[in-house]
Amino acid sequence: MANVVVVGAQWGDEGKGKIVDWLSERADVIARFQGGHNAGHTLVIGGKVFKLNALPSGVVRGGKLSVIGNGVVLDPWHLVKEIAAIRAQGVEISPEVLMIAENTPLILPFHGELDRARESQNSVAKIGTTGRGIGPAYEDKVGRRVIRVADLADDATLELRVDRALVHHNALRAGLGLGPIDREALLADLRAIAPEILPYAAPVWKVMNEARKSGKRILFEGAQGSLLDIDFGTYPFVTSSNVIAGQAATGVGLGPNAIDFVLGIVKAYTTRVGEGPFPTELFDADGQRLGERGREFGTVTGRKRRCGWFDAVLVRQTCAISGINGIALTKLDVLDGFEVIRICTGYDLDGTVLDYLPTAADQQARCTPIYEEIEGWAESTEGARSWADLPGAAIKYVRRIEELIGCPVAMLSTSPERDDTILVTDPFAD
């Protein structure tokens, strides 16, 4: 059976939640492989809205195994609250349907405090983090001082890990004008949360390999978007993990040969939350119209998203870096009614035409878009479920996107409802 990786191919907020939910109905295992609870997925099922941050999208589907992999950083207190909220909506969550990798790093309260203190005191250039401690937790993972899920099971190990972390963090906090961490209170909080987390702990790498060998269909679920990747995103305005498809295998303990199809989620225009370069950003009535029609507010932060025209340069780049086999194009209906639609086909950098986004931040900031204009359409595409339901101009727009990014459209989404989807290529097909 084919195994599918779903990645955002822009700056996040591309509509991964609906697509992952659509695919998860056909998968046996749904695995989160990176990120933290700073990314939100909104699912609409039978008119009921589910908002997920840490939990994989598969938890709202009965009979599926949902996995939080070692590539994720996990806030255990947030997870317990999220489980309670989803249970209150009638979804049962137990260790039979949810597993957490034993080597998953934990986000602790002082990670969030550090995150917010840095952002508030940074007078040079704010990164635009959510302040939830994701970055500092990944720093501790790389610095070999993080506390992992398995550490909660042994008190002596837990104390040792806490002491190691506090040596670093108390010195760092002093430089930021923050008081020392209360060791005993932290240990008490960890001991209290341990019984609520440990029942879900498992050797996920083993479970995943066994699932693959037995022919189970695996759906790898990413968070954020490829342009926020720590290596290939618009650094330093990025997240703190690898977002691209190559992380999917590492983030759950599988080999790269476990990946059969990479599906990139792409919005029919472009949005971004927070700071950083955005070549096609609009500050006019068209940008306002995109934001209003697309309801462009962050699931987690509630922040208004910056809006702009479709950037084929960036999507072509992310398709190459993630090895994307096909894209799911979302929110086409937001473009209904525009007389003229523009697509960025290249950049002008100080008089030189580029067909890619340069790495240097100062050059990224100086890139101005080169546009081509596409005729818009007056008819509605909302709710279309076949090519026959689409206006000719809308089909022309989709085909032009395919040409420019060098990647075919595998799925087309025309509303938040899961059934309003045109399937071109089945990612799960053998």
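I take buried to mean under 20% relative accessible area. With that cut-off in hand, I opened this predicted model and started with a cysteine.

**Entry: C407**

I looked up C407 and found a relative accessible area of 4%, so C407 counts as buried. C407 sits in the loop that links α12 (392-405) to β17 (409-413). I then listed what C407 touches, leaving out residues up to four places away in sequence: C319, I324, N325, G326, I327 and E402. I also checked C407 against E25: the two are 382 residues apart in sequence, and their C-alpha atoms lie 25 Å apart in space.

**Entry: the open sheet**

Next I traced the sheet. I counted 10 strands in an open sheet with mixed pairing, and I noted the order as β7-β6-β5-β2-β8-β1-β9-β13-β17-β18.

**Entry: β5 and its partners**

I moved on to β5 (residues 65-68). L65 and V67 point one way from this strand, S66 and I68 point the other way, and all are buried. β5 pairs with β2 (residues 29-32) in the parallel sense over 4 bridges, and I found R32 opposite I68 of β5. β5 also pairs with β6 (residues 98-101), again in the parallel sense, over 3 bridges. In that pairing S66 has L98 of β6 as its bridge partner.

Are the residues of β6 buried or exposed? I found L98 and I100 buried on one side and M99 and A101 buried on the other, which leaves both faces of β6 covered.

I returned to β18, where T421 is found. T421 has a relative accessible area of 8% and is therefore buried. Its side chain makes a polar contact of 3.3 Å with the side chain of K18. With residues up to four places away in sequence set aside, T421 touches K18, W22, A384, R385, M411 and L412.

**Entry: β14 and the strands beside it**

I then took β14 (residues 340-349). How many bridges join β14 to β16 (residues 368-375)? I counted 8, with the two strands running antiparallel, and D348 stands opposite T368 of β16. β12 (residues 310-311) pairs with β14 in the parallel sense over 2 bridges, and D311 stands opposite C344 there.

β15 (residues 352-354) pairs with β14 in the antiparallel sense over 3 bridges, with L349 opposite T352. β14 and β15 make a hairpin with 2 residues between them, and I noted a positive phi of about 55 degrees for D350 in the turn.

**Entry: the second largest pocket**

Last, I looked at the second largest pocket, which has a volume of about 170 Å³. Which residues line the second largest pocket? I wrote down L227, I230, D231, F232, G233, Y235, Q317, I321, L357, P358, T359 and Q364. Sorted by class, this lining has 7 nonpolar, 4 polar and 1 charged residues.

Technical notes. Residues are numbered from 1 along each chain as its sequence is written. This is a predicted model: local features need pLDDT of at least 70, side-chain atom pairs count only at pLDDT 80 or more; totals for chains, interfaces and linings use all residues. Side-chain values use heavy atoms; hydrogens and water are left out. On a 1 Å grid over the protein atoms alone, a cavity is a set of points where a 1.4 Å probe fits but cannot get out, and a pocket is an open set with protein on both sides within 12 Å along at least five of seven lines; lining residues have an atom within 4 Å of a point. Grid points are joined across faces, edges and corners, and a volume is the space filled by probe spheres set on the points. Ala, Val, Leu, Ile, Met, Phe, Trp, Tyr, Cys and Pro count as nonpolar, Asp, Glu, Lys and Arg as charged, and the others, Gly among them, as polar. Two strands pair if DSSP finds at least two bridges between them. Buried means under 20% relative accessible area, exposed over 50%, partly exposed in between (1.4 Å probe, protein chains only). A polar contact is a pair of N or O atoms within 3.5 Å; within protein, one must be able to donate a hydrogen and the other to accept it, and residues adjacent in sequence count only if both atoms are side-chain atoms. Contact means heavy atoms within 4.5 Å.
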